Amino acid sequence: MAAIAIQLTRTVFPLPGRDIQLDVVDDVESLITDLSDADLVPCWAEIWPAARSLARYVWEYLHLEGQSVMELGSGLGLPGAVCGVKGADVTFSDYNQDAVDLSVHNAKINGVEATGHLGDWRNFDLKRRFDWIIGSDVFYDPKLNPYVLEIYRHNLQAGGQLLLSHQRRQHTYDFVAAVKGDLELEEIRLDLVERDEESVYGQFVVSIHHLRPANI
Ligand SMILES: C[S@@+](CC[C@H](N)C(=O)[O-])C[C@H]1O[C@@H](n2cnc3c(N)ncnc32)[C@H](O)[C@@H]1O
């Protein structure tokens, strides 16, 4: 892993019975170079409400001992780190090298040795299949969703499961419905309220979609 040159602050994300250590970016605005190019907006450097809710869902409901998990668009890697703490073999993927490195780093400070994969969904060349593919707040641009569906087709193990979370975007609900049909999966959906004192809204509702084969 390359040395991380960005200024970081250690924070704690508390879960019932376990604190997750997280190094976060001190000054996200200093990473902005060109807001007119969506690929250059440093959205990877924030922990979004959807990531916090997904981390809570993983902690509360999943048994992952010995399972392989890929986190797509991992950003700072909170949900994947929690998967690792629960015993999963985790691969973090993003198209931003700092995001990949920081995700692996955040897993490591929680005692988890994870793998990083630098990859753009539009040209995703990872050959490996996973028991789980997870992603928080990665479906904000509907133009990218068909590429993610291709990744699900090529990188999800037969019998594998998907976890997605988002801040209630209609096109994401439509995408989830298409994925369910395409991969013949069943859905558990949960809406969690994520408090955010730094936001003027004070809280967000996050939808979590857990898609899995019918026979599990
Ligand atoms: C809104 S951020 C969410 C970050 C993190 N999952 C969270 O919820 O805190 C979207 C993430 O997807 C990544 N991403 C966006 N477009 C991508 C693409 N075409 N290929 C790979 N990663 C992409 C970004 O770099 C960023 O980490």
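Is Arg-168 buried, exposed or partly exposed? I looked this up first. At 47% relative accessibility, Arg-168 counts as partly exposed (buried is under 20% relative accessible area, exposed is over 50%, and partly exposed is in between, with a 1.4 Å probe and protein chains only).

**Ground rules.** I am working on a predicted model, where local features need pLDDT of at least 70 and side-chain atom pairs count only at pLDDT 80 or more, while totals for chains, interfaces and linings use all residues. Residues are numbered from 1 along each chain as its sequence is written, and side-chain values use heavy atoms, with hydrogens and water left out.

**Backbone angles.** I found Arg-168 in the loop between β7 (156-166) and α5 (170-183) (helices are DSSP runs of H or I with at least four residues, strands are runs of E with at least two, and both are numbered from the N terminus). Arg-168 is not a glycine, yet its phi is positive, about 50 degrees. I noted Asp-137 as well, a residue other than glycine with a positive phi near 55 degrees. Asp-137 sits in the loop between β6 and α4 (145-155), and at 9% relative accessibility it counts as buried.

**Core.** I looked up the largest nonpolar core, which has 39 residues (a core is a set of buried Ala, Val, Leu, Ile, Met, Phe, Trp, Tyr and Cys residues joined through side-chain atoms within 4.5 Å). Val-25, Trp-44, Leu-78, Val-82, Cys-83 and Leu-163 touch the most other members. Elements that each supply at least two residues include β1 (8-15), α1 (49-61) and β9 (202-212). The largest share, seven residues, comes from α1. I then followed Cys-83, which touches Val-58, Leu-64, Val-69, Ala-88, Val-90 and Ile-134, not counting residues up to four places away in sequence (contact means heavy atoms within 4.5 Å). A second, separate core has 21 residues, among them Val-148 and Leu-156.

I checked α2 and found seven of its eight residues buried; Cys-83 is one of them. Just after α2, Gly-87 takes a positive phi of about 100 degrees. Nine of the 12 residues of α3 are buried, so α3 is largely enclosed by the rest of the structure. What covers the buried residues of α3 includes β1, β2, α2, β4 and β5 (115-118).

**Ser-93.** I found Ser-93 in strand β4. At 0% relative accessibility, Ser-93 counts as buried. Leaving aside neighbours within four places in sequence, Ser-93 is in contact with residues including Met-70, Val-100, His-117 and Phe-124.

**Pockets.** I looked up the largest pocket, which holds about 690 Å³ of space (on a 1 Å grid over the protein atoms alone, a pocket is an open set of points where a 1.4 Å probe fits, with protein on both sides within 12 Å along at least five of seven lines; lining residues have an atom within 4 Å of a point). This pocket is lined by 36 residues, and Val-41, Cys-43, Trp-44, Tyr-95 and Tyr-140 lie nearest its centre. The second largest pocket holds about 590 Å³. Of its 23 lining residues, the closest to the centre are Glu-46, Ile-47, Arg-52, Asp-196 and Glu-198. The largest share of this second lining, four residues, comes from β1.

Methods
Points joined across faces, edges and corners; volume = space filled by probe spheres on them.
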